[in-house]
Amino acid sequence: MTQDKVGTQEEWQAARDELLGEEKELTHRNDELARKRRELPWVPVEKEYRFETVDGPKSLGELFDGRSQLLVYHFMFGPDYEAGCPVCSSIADNLSANVPHLRARDVTLICSSRAALDKLQGYKQRMGWSFDWVSTVGADFHRDLGFQHTREELQPFLEGEIPPVVEQNARACGVDAGGYVAEGPGLSAYIRSDGAVYRTYVSTARGLEPVMGYYGLLDRTPIGRDEEGEQVFWLRRHDEYEEATGNG
């Protein structure tokens, strides 16, 4: 471990006060970005998407469950997956804990995947999650937002050198690299107003970090994320860490 500089309490306090000013600037900037996010145009959802749920087939509008707002996490769990994506699973751990708090603010939170409903429900039970999880009927819902890709579209990527993390996560899901990256993660937001459904926000990649609470905590530790140069990605399903570290 590389030793950082050591100083007195007075030196630390001076540096901390300076950093606090920058942190406050970032907080205010985030507040401004949140306001601009809320001011994005609402796009009418005119396609009749359908979903399989534990309560039977439902439309997108019915997934609101009586609330005015809906957040959907597009979970990487394709039809051929044997288990859900480990990274999406780590995100879902954070999502599940927030379900009651979001409901208190008129927001329904669900996950959506392309795998069969019984497979999703079995995995949900294994992980101990509380959110509703639906299976899309067809690929359109995920594909229309850029979260599902064909083998042909992925061919240039697959013909190159596959990153070790992709190979690792593909094995964990029981599929090859092409089958794994055919699915994509994402978050989409909707509102129901006067009987119509509108899409208001979509994000993916590092835009998902707000729902990866462990990163915010790691960013406040002395070593931080400590991911640079790692060939084996550290994120696992929460019931697999001891196995991965050999402590099981």
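Biologist: What volume does the largest pocket have?

Modeller: On a 1 Å grid over the protein atoms alone, a pocket is an open set of points with protein on both sides within 12 Å along at least five of seven lines. Grid points are joined across faces, edges and corners, and a volume is the space filled by probe spheres (1.4 Å probe) set on the points. Here the largest pocket has a volume of about 890 Å³. Of the 25 residues that line it (an atom within 4 Å of a point), R37, L71, L187, A189 and Y201 are the closest to its centre. This is a predicted model: local features need pLDDT of at least 70, side-chain atom pairs count only at pLDDT 80 or more, and totals for chains, interfaces and linings use all residues. Residues are numbered from 1 along each chain as its sequence is written, and side-chain values use heavy atoms, without hydrogens and water.

Biologist: Which helix gives the most to the lining of the largest pocket?

Modeller: Helices (H or I, at least four residues) and strands (E, at least two) are DSSP runs, numbered from the N terminus. Helix 1 (9–38) gives the most, with five residues. Strand 7 and strand 8 are among the elements that each supply at least two.

Biologist: How many bridges join strand 7 to strand 8?

Modeller: Two strands pair if DSSP finds at least two bridges between them. Seven bridges join strand 7 (residues 186–193) to strand 8, running antiparallel. L187 stands opposite S203 in strand 8. The two strands form a hairpin with two residues between them, and D194 in the turn has a positive phi of about 50°.
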